[in-house]
Amino acid sequence: MKTTLSVIKADIGSLAGHHVVHPDTIAAANKILAEAKRNNIIIDYYITYVGDDLQLIMTHNRGELDMKVHETAWNAFKEATRIAKELGLYAAGQDLLSDSFSGNLRGMGPGIAEIEFEERPSEPVVIFMADKTEPGAYNLPLYKIFADPFNTAGLIIDPMMHEGYKFEVLDVYEGESITLNTPEESYDLLALIGTPSRYIVRRVYRKHDNLQAAVVSVERLNLIAGKYVGKDDPVMIIRAQHGLPALGEILEAFTIPYLVPGWMRGSHYGPLMPVSQKDARATRFDGPPRLIGLGFNIKNGKLVGPTDLFDDPAFDEVRRTAQLITDYIRRHGPFMPHRLEPQEMEYTTLPLVIEKLKGRFKKESDVYKAKHSIYSHEGSQE
Ligand code: 13P
Ligand code: 13P
Ligand code: MG
Ligand code: MG
Ligand code: MG
Ligand code: MG
């Protein structure tokens with residue numbers, strides 16, 4: 001029987017700003033998931049958080065987009081929101097864009113990453129969860145993990161990986177997807193995914209047998225809501241080892257704190273900083289954007305683990321570099337390229353501010369004409 005791993009997340013409100021999930025809201029979600037486990041809707045689960053995003057990690061045999069599993073997640077978020085409101089937490093229910101559940105969670109606000117597979121004798125998986133950024137933030141590491149031999153030695157050394165991988169890329173503006181093969185179409189792939197606000201790597205497959213190796217939550221909240229309602233704060237699942245990238249090859253992609261959009265008011269570029277679970281709280285300028293990684297083994301649907309992968313001095317220098325980048329880029333204040341480009345700012349509250357100035361803009365040609373008439377007037381006085 002196939003196992004499905006579903007990671008479903010939402011910001012249902014948080015403590016002291018967009019900072020951290022409150023333990024009572026985790027407890028509320030836990031009640032719902034425990035009940036779903038008792039009722040055999042899910043096999044196992046683990047609940048955690050990164051910053052203000054509540055993360056439900058669930059295993060079951062029901063496949064992707066299952067109504068009962070999604071309804072369980074929805075009920076957990078609703079119950080957690082109820083507690084968030086009781087406690088007066090900030091932005092309670094932030095990511096729940098709809099009032100009632102209808103079939104599955106797509107387009108309703110929560111982020112969803114699901115993968116169904118035949119369990120290997122040992123099935124290691126890594127779940128990445130980020131706060132204060134967007135789904136396209138995983139484009140760069142996914143390329144490095146599955147297509148760059150300078151990152152992933154297995155692409156050269158392991159015969160099961162040597163043929164390469166296939167990347168399914170979603171164009172979130174057009175609502176279309178394309179699949180590109182690496183290594184032969186690497187440059188085409190990079191031509192698209194180098195624009196991560198539009199082209200998002202959604203799934204990765206091993207080429208020779210189509211085994212699915214990765215999935216990303218691609219929902220973009222602002223495109224669903226048509227306005228700024230917080231950042232998407234995406235999750236990603238990657239299967240590891242035995243013909244797939246080794247755990248250490250997966251983590252190697254995060255040794256540079258590369259720049260991602262998000263951070264303060266979802267409007268700034270900043271370095272993605274890999275942190276331990278205990279540091280998964282947004283602080284400086286509501287960030288910097290943070291990433292946690294939890295490693296599990298899945299056995300007969302049971303979640304064995306987790307291990308907190310970035311809780312490790314091997315990532316101290318990455319974090320230090322992230323601090324240096326933070327100091328440097330923050331000094332740009334409201335200037336691009338720290339602040340996002342205008343197209344992305346359209347979905348924030350900045351257009352409301354600019355709208356107020358509309359009537360005060362004078363046409364350049366009118367300014368010229370006015371000046372010209374002054375000059376000719378002066379001339380006639382001579
Ligand atoms: P082991 O020999 O410990 O299984 O290591 C294999 C591997 O994947 C190392 O990266
Ligand atoms: P979240 O999407 O994490 O709620 O971020 C909202 C925000 O504007 C932080 O400054
Ligand atoms: Mg929030
Ligand atoms: Mg968040
Ligand atoms: Mg968010
Ligand atoms: Mg070993």
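Does Asp 52 count as buried or exposed?

Modeller: Buried: Asp 52 has 1% relative accessibility (buried is under 20% relative accessible area, exposed over 50%, partly exposed in between, with a 1.4 Å probe on protein chains only). This is a predicted model, in which local features need pLDDT of at least 70 and side-chain atom pairs pLDDT 80 or more, while totals for chains, interfaces and linings use all residues. Residues are numbered from 1 along each chain as written, chains are lettered from A and ligands numbered from 1 in written order, and side-chain values use heavy atoms, without hydrogens or water.

Asp 52 bridges two magnesium ions, ligand 3 and ligand 4. The ions lie 4.6 Å apart. Ligand 3 has four protein donors: Asp 11 (OD), His 18 (ND1), Asp 52 (OD) and Gln 94 (OE1). Asp 11 and Asp 52 link distant parts of the chain, 41 residues apart. Asp 11 sits in the loop between strand 1 (3-10) and helix 1 (23-38). Asp 52 sits in the loop between strand 2 (44-50) and strand 3 (53-60) (DSSP runs: helices H or I of at least four residues, strands E of at least two, numbered from the N terminus). Asp 11 is buried too, at 0% relative accessible area.

Next, ligand 2. It has 15 residues around it (a heavy atom within 4 Å); Lys 132, Tyr 228, Lys 231, Arg 265 and Asp 286 come nearest.

Last, the lining of the largest pocket. It has 9 nonpolar, 3 polar and 8 charged residues (Asp, Glu, Lys and Arg are charged; Ala, Val, Leu, Ile, Met, Phe, Trp, Tyr, Cys and Pro nonpolar; the others, Gly among them, polar). Strand 4 (111-117), strand 6 (165-171), strand 8 (199-206), strand 9 (212-216) and helix 6 (221-225) each supply at least two lining residues.

How values were computed. Donors = N, O, S within 2.8 Å, 3.2 Å for Na, K, Ca; no water.
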